[in-house]
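Please read the points below with the model in view.

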Amino acid sequence: MTGRVTKYPSLLLLLQPRRLCTTAASSSSAAAAGELDLPSSAKELPLDDDLAEESRSRLVRDTCKLLELRGSWTPKLEAQLRHLLRVLSPPQVRAVLRAQAQGDARAAFEFFRWADRQWRYRHAPEVFDEMLSLLSRTRLHDPARRVMRLMIRRGVRHGPRQFAHLMLSYSRAGKLRSAMRVLQVMQKDGCAPDISICNVAVNVLVVAGRVDKALEFADRMRRVEVEPDVATYNCLIKGLCSARRVVEVTEMIGAMLQNGCPPDKITYYTVMGFLCKEKRVAEVRTLLEKMRNDAGLFPDQVTYNMLIHVLAKHGHADEALEFLRESEEKRLRVDEVGYSAVVHSFCLNGRMVEAKEIVGEMITKGCHPDVVTYSAVVDGFCRIGEIDQARKMMKHMYKNGCKPNIVTHTALLNGLCKARKSSEAWELLNNSAEEWWTPSDITYSVVMHGFRREGKLKESCDVVAQMLQKGFFPTTVEINLLIHALCKEGKSAEAKDFMEQCQSKGCTINVVNFTTVIHGFSRQGDLESALSLLDDLYLSNRHPDVVTYTVVVNALGKKGRLKESTALVEKMLNRGIVPTLVTYRTVIHRYCEKGAVEELLILLDKMLLRQELKSVYNQVIEKLCALGKLDEAYSLLAKVLRTASQRDAQTCHILMESFLNRGLAIQSYNVACRMFRRNLIPDIKLCQKVDNQLTLEKQETAAGKLIVKFVERGLLKQETIRCITCWKVIHFLLDATQYPCTFQQLIHTQPIDW
């Protein structure tokens with residue numbers, strides 16, 4: 001609908017929600033993460049008959065064949081395509097666009113742009129609509145915006161439906177603000193909104209998790225006399241259910257009845273689905289009564305199927321079986337799909353007795369179980385380790401004329417592998433041709449992982465070799481698991497050969513696989529092989545990541561080759577790779593271990609320019625304390641005390657403890673004094689230990705001063721300090737009578753003055 005806003009000049013200003021908060025971008029990421037469900041009023045119809053007929057025409061097929069050769073276009077081919085374009089009708093152009101969008105919507109948009117630039121050709125309005133419709137199903141918001149601008153500039157017929165397509169593109173890309181700004185573009189264009197674009201806007205807000213904004217938007221719709229319909233309410237109810245606001249859902253259903261917009265079955269199904277997930281069966285039954293009494297909608301087979309499937313899907317098998325019995329009492333037909341859902345739920349819970357009873361009941365009632373039902377039972381027996389029962393069930397399948405499929409056989413092989421009978425599973429896999437079934441890549445992966453878990457790595461590699469011969473390719477994760485197992489057993493050379501074999505057969509090998517083998521060589525101490533594999537990584541046009549660099553730096557530091565380690569870290573930084581916390585810890589550990597503190601500080605300054613880490617010097621001091629290099633740790637204390645945080649206080653305590661353990665109480669005293677100067681309060685128990693040690697060492701000028709400082713700051717009572725001071729004076733006088741000497745002779749290191 002196109003028109004000028006004359007009756008409501010500020011219509012769209014009222015429709016727009018208030019300014020979104022700064023977290024709109026993060027909240028709207030949910031819209032980009034999942035598929036956007038359109039309201040029923042905005043959904044596209046399936047391919048109509050005339051367009052389906054046009055898609056089979058020779059002109060459309062020839063055009064698509066020429067477009068497939070776009071990578072090697074010549075002037076002659078382009079002339080042929082230009083000639084075909086001039087004889088194509090608008091429905092045929094739409095058919096070409098749909099054919100191109102099946103692979104990639106960008107290809108359809110490129111053809112749209114190319115055709116629009118040709119002489120004596122202009123796109124028809126329905127071609128613009130088709131292009132926008134195709135782009136609305138993707139995240140390509142910029143091409144959709146360009147098509148919309150072109151329509152407005154040329155005066156092509158457009159209305160709320162076209163703006164809704166643009167809004168959907170922005171929403172799928174996670175751009176909630178831009179999606180809602182489409183309403184401003186509508187206002188500037190003078191296009192009056194209708195219920196369809198309002199429903200799309202509500203759905204965009206709901207999918208983005210902005211339920212309150214969606215409710216506010218629906219309220220503004222009423223103010224401008226655009227009454228919400230059942231699709232609007234269904235979107236809002238879906239959002240409220242996702243936010244677990246069931247009370248408001250009940251109130252909204254009541255408001256729908258009062259406003260003359262009775263809820264449909266989708267409304268009730270949405271709420272029932274949420275309640276079934278939460279196992280709130282009593283509320284589901286109450287809602288069924290309201291559905292029958294208030295809205296006049298009687299539960300049918302679709303209703304019960306929905307309840308059975310949702311309950312079974314979320315593991316509520318007893319409740320699903322209860323509704324299945326209820327539907328049978330009402331003489332509603334329950335097919336094998338409903339029974340299979342309940343059987344599968346019981347099998348997942350390990351309740352195989354009930355599952356077998358239902359299968360027997362199905363056969364008795366003439367509802368023959370299909371291969372899906374039997375496969376669920378076989379998988380259930382394998383899950384609890386009853387392999388013999390699973391085999392009996394497979395024989396029962398043959399007896400009832402149901403042949404096991406690849407899923408059934410894979411479930412049995414998986415059970416054998418979990419029971420540590422991978423050799424038997426491997427034998428069954430090799431005999432698959434005799435049993436008239438064809439394994440898939442998942443089947444091979446199951447047996448491969450079974451051998452790997454049992455430690456039979458040679459057999460696991462043999463499975464992969466046969467898998468490659470059959471034309472199946474293991475994933476990079478599966479390859480990495482096997483490589484890691486080989487390296488863990490000290491077979492890094494075999495892991496490298498296996499990786500190269502997979503790569504030569506066409507498998508995808510990534511940097512993680514290389515890093516795993518490099519780490520295996522590093523653990524064995526074979527640094528030259530690790531560096532050689534790092535060079536191979538560069539030669540294969542793959543770029544090491546921060547984990548790869550960290551592994552090699554750790555290996556070089558372990559061997560004491562710090563110059564090469566420093567050069568590699570600088571190379572990593574020059575490539576723009578940001579060091580992680582593990583990288584910092586590795587560098588600090590290896591350099592402190594070798595006593596290269598000055599080189600470490602220079603390297604850390606370069607790393608901090610790329611990625612700031614506030615606790616880096618704390619880690620250096622703590623590592624030096626653990627290695628017993630206290631003088632170097634004390635020299636770095638000034639870098640830690642710059643910020644004077646609680647993390648710094650912990651580091652100082654570790655340094656004080658290290659000095660005390662070495663019998664250097666005066667150095668611990670000096671650390672505590674420097675903490676007080678930076679308004680950091682040291683641990684009082686630790687200070688008492690320092691003070692006691694100073695008293696035993698007869699350091700009179702320092703003994704007791706830490707306790708006095710606590711009293712001056714109001715952290716210790718005056719009576720406590722008097723008792724401690726008197727005890728120390730008595731203790732010193734007693735010692736002085738036995739060992740007459742002066743204080744100056746007892747003091748070896750002058751303390752810091754207060």
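1. The model is predicted: local features need pLDDT of at least 70 and side-chain atom pairs count only at pLDDT 80 or more, while totals for chains, interfaces and linings use all residues. Residues are numbered from 1 along each chain as its sequence is written, and side-chain values use heavy atoms, with hydrogens and water left out.

2. Helix H7 (residues 90-101) and helix H8 (residues 105-116) have axes that come within 6 Å and cross at roughly 145 degrees. Helices here are DSSP runs (H or I, at least four residues) numbered from the N terminus; axes are lines fitted to C-alpha atoms over the stretch in contact, with angles from 0 to 180 degrees between N-to-C directions. H7 contributes Val93, Val96, Leu97, Gln100 and Ala101, and H8 contributes Ala105, Ala107, Ala108, Phe111 and Phe112, to the contact (heavy atoms within 4.5 Å). By class, nine of the residues in the contact of H7 with H8 are nonpolar, one is polar and none is charged (Ala, Val, Leu, Ile, Met, Phe, Trp, Tyr, Cys and Pro count as nonpolar, Asp, Glu, Lys and Arg as charged, and the others, Gly among them, as polar).

3. Most residues other than glycine have a negative phi. Arg244, in the loop between helix H15 (230-242) and helix H16 (246-258), has a positive phi near 65 degrees. Asn679, in the loop between helix H41 (665-677) and helix H42 (684-696), likewise has a positive phi, near 60 degrees.

4. Is Arg244 buried or exposed? Arg244 counts as exposed because its relative accessibility is 54% (buried means under 20% relative accessible area, exposed over 50%, partly exposed in between, with a 1.4 Å probe and protein chains only). Asn679 counts as exposed at 60%.

5. Lys330 lies in the loop between helix H20 (317-329) and helix H21 (336-348) and, at 40% relative accessibility, counts as partly exposed. Leaving aside neighbours within four places in sequence, Lys330 is in contact with Arg292 and Tyr304. Lys330 and Asp300 are 30 residues apart in sequence and 9.4 Å apart in space, C-alpha to C-alpha.

6. The lining of the largest cavity consists of His484, Cys487, Lys488, Thr516, His519, Gly520 and Arg523 (a cavity is a set of points on a 1 Å grid over the protein atoms alone where a 1.4 Å probe fits but cannot get out, and lining residues have an atom within 4 Å of a point). Helix H31 (511-524) and helix H29 (476-488) each give two or more residues to this lining, and H31 provides the largest share, four residues. The lining has one nonpolar, four polar and two charged residues.

Technical notes. 1 Å grid on protein atoms, 1.4 Å probe; cavity = no way out; pocket = protein on both sides within 12 Å on 5 of 7 lines; lining within 4 Å.
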